[in-house]
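Please keep the sequence and the 3D view open as you read.

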Amino acid sequence: MPTIDEKLNEVEAILKKNVIPEPRREASLLIGLALKRDRTFLIAHPEYDLDPRYDGEINDLVRRRALHEPFQYISGVQEFYGLEFEVTPDVLIPRPETEMLVEHGLEILGKSSGNSVCDVGTGSGCIAVSMLHEMTRVHATALDASKNALKVAGRNADKHGVRDRLELLESDVFSSLDAQKFDLVVSNPPYVPADDIEGLQAEVRDFEPHTALTDWSDGLSIIRRIVNESPNFLSHDGHLLVEIGFDQSPKVAEMFDHTRWHSPDLFHDLQGIPRLVSAQLR
């Protein structure tokens with residue numbers, strides 16, 4: 001039977017052949033997932049013999065990853081804002097840059113007496129759930145057009161003990177809302193232009209839900225709807241926070257009618273890319 005180190009070498013070679021980035025790291029993640037051990041254990045015990053009963057599971061995991069299925073869908077989880085979230089192919093995998101929405105949203109609410117949030121296109125619920133987990137006085141309404149995504153968001157809310165403060169609604173942007181008013185609207189909308197889908201990394205293009213990635217247009221139509229419609233659902237001095245694509249900031253800034261909004265602010269991610277637009281109602 002192979003040792004852990006020998007199996008790591010074998011899996012690394014398969015992943016490298018299939019052009020998986022960081023094949024050694026990915027090999028250790030996959031083997032660790034099968035063994036229910038972390039990478040530290042594998043590194044510390046390279047001489048351990050692998051029980052043959054793990055062969056089938058390891059080989060299946062490696063086959064899936066070699067086809068570029070994201071590790072997060074294979075493992076079923078992704079960390080976001082210090083919490084572990086369930087992820088399935090019905091929802092986008094939460095990205096580190098989206099944590100900016102949570103950080104700035106909490107900052108806005110922390111400076112006011114506001115306690116209500118609307119999360120448009122909630123997906124896994126990572127934004128709303130993280131905010132509710134951090135700020136216990138806050139209540140949120142999470143909207144998504146996908147019933148299956150809302151089920152994932154609900155399970156994540158249950159997992160982190162915030163389900164009693166979260167309303168989940170199937171909704172095309174704001175279509176299911178009546179006369180609700182919120183202190184903050186947040187959204188990570190579909191902003192990838194349709195023409196860019198084919199050029200995306202295989203893990204994204206072939207596995208993540210396209211309805212959560214693109215508007216099948218120029219990438220700006222959903223953002224425009226959110227900017228135009230959110231004043232109907234914001235309190236008189238409410239805020240809007242929207243994640244945007246790397247080259248969209250000039251066009252997004254033009255969407256804000258200055259008779260309704262104060263001038264929007266742009267926030268950059270760690271790569272210096274304008275990633276978040278923030279605006280307050282007049």
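Buried means under 20% relative accessible area, exposed means over 50%, and partly exposed lies in between (1.4 Å probe, protein chains only). By that scale Glu-12 is partly exposed, because its relative accessible area is 22%. This is a predicted model, in which local features need pLDDT of at least 70, side-chain atom pairs count only at pLDDT 80 or more, and totals for chains, interfaces and linings use all residues. Residues are numbered from 1 along each chain as its sequence is written, and side-chain values use heavy atoms, with hydrogens and water left out.

What does Glu-12 pair with in a salt bridge? Its partner is Arg-24, with the closest N and O atoms 3.0 Å apart. A salt bridge here is a side-chain nitrogen of Lys or Arg within 4 Å of a carboxyl oxygen of Asp or Glu. The pair links distant parts of the chain, 12 residues apart: Arg-24 is in helix H2 (residues 23–35) and Glu-12 is in helix H1 (residues 4–17). Helices (H or I, at least four residues) and strands (E, at least two) are DSSP runs, numbered from the N terminus. Arg-24 is partly exposed, at 31% relative accessibility.

## Other salt bridges

In general, side chains of opposite charge can pair when their charged atoms come close. The structure holds 16 salt bridges, and one of them joins the side chains of Arg-225 and Asp-172 at 3.2 Å, N to O. Those two lie 53 residues apart, with Arg-225 in helix H11 (residues 221–229) and Asp-172 in the loop between S5 and S6. Arg-225 counts as partly exposed at 27%, and Asp-172 is partly exposed too, at 42%. Through shared partners, salt bridges also join Asp-5, Glu-12 and Arg-24 into one network.

Glu-107 and Lys-111 form another salt bridge, 3.2 Å from N to O. Glu-107 is partly exposed at 40% relative accessibility, while Lys-111 is exposed at 68%.

## The sheet

Seven strands make up an open sheet with mixed pairing, in the order S5-S4-S3-S6-S7-S9-S8. Two strands pair if DSSP finds at least two bridges between them. At the edges are strand S5 (166–170) and strand S8 (265–268), each pairing on one side only.

Strand S7 (residues 234–243) and strand S9 (residues 274–280) run antiparallel and are joined by five bridges. Within this pair, Leu-241 stands opposite Ser-278 in S9. Helix H6 (residues 99–110) packs on the sheet, touching strand S3 (116–120), strand S6 (182–187), S7, S8 and S9; contact means heavy atoms within 4.5 Å. The direction of H6 makes about 160° with that of S7, where axes are lines fitted to C-alpha atoms, for helices over the stretch in contact, and angles run from 0 to 180 degrees between N-to-C directions.

## Aromatic rings

Rings of Phe, Tyr and Trp (its six-membered ring) pair if their centres lie within 6.5 Å; planes under 30 degrees apart count as stacked, over 60 as edge-to-face and the rest as tilted. The count comes to four aromatic pairs. Phe-41 and Tyr-48 are edge-to-face, because their planes meet at 85°, with the centres 5.6 Å apart. Phe-41 is buried at 15%, whereas Tyr-48 is partly exposed at 39%.

Phe-80 and Phe-85 are also edge-to-face, with centres 6.1 Å apart and planes at 80°. Phe-80 is buried, with a relative accessible area of 0%, and Phe-85 counts as buried at 0%.
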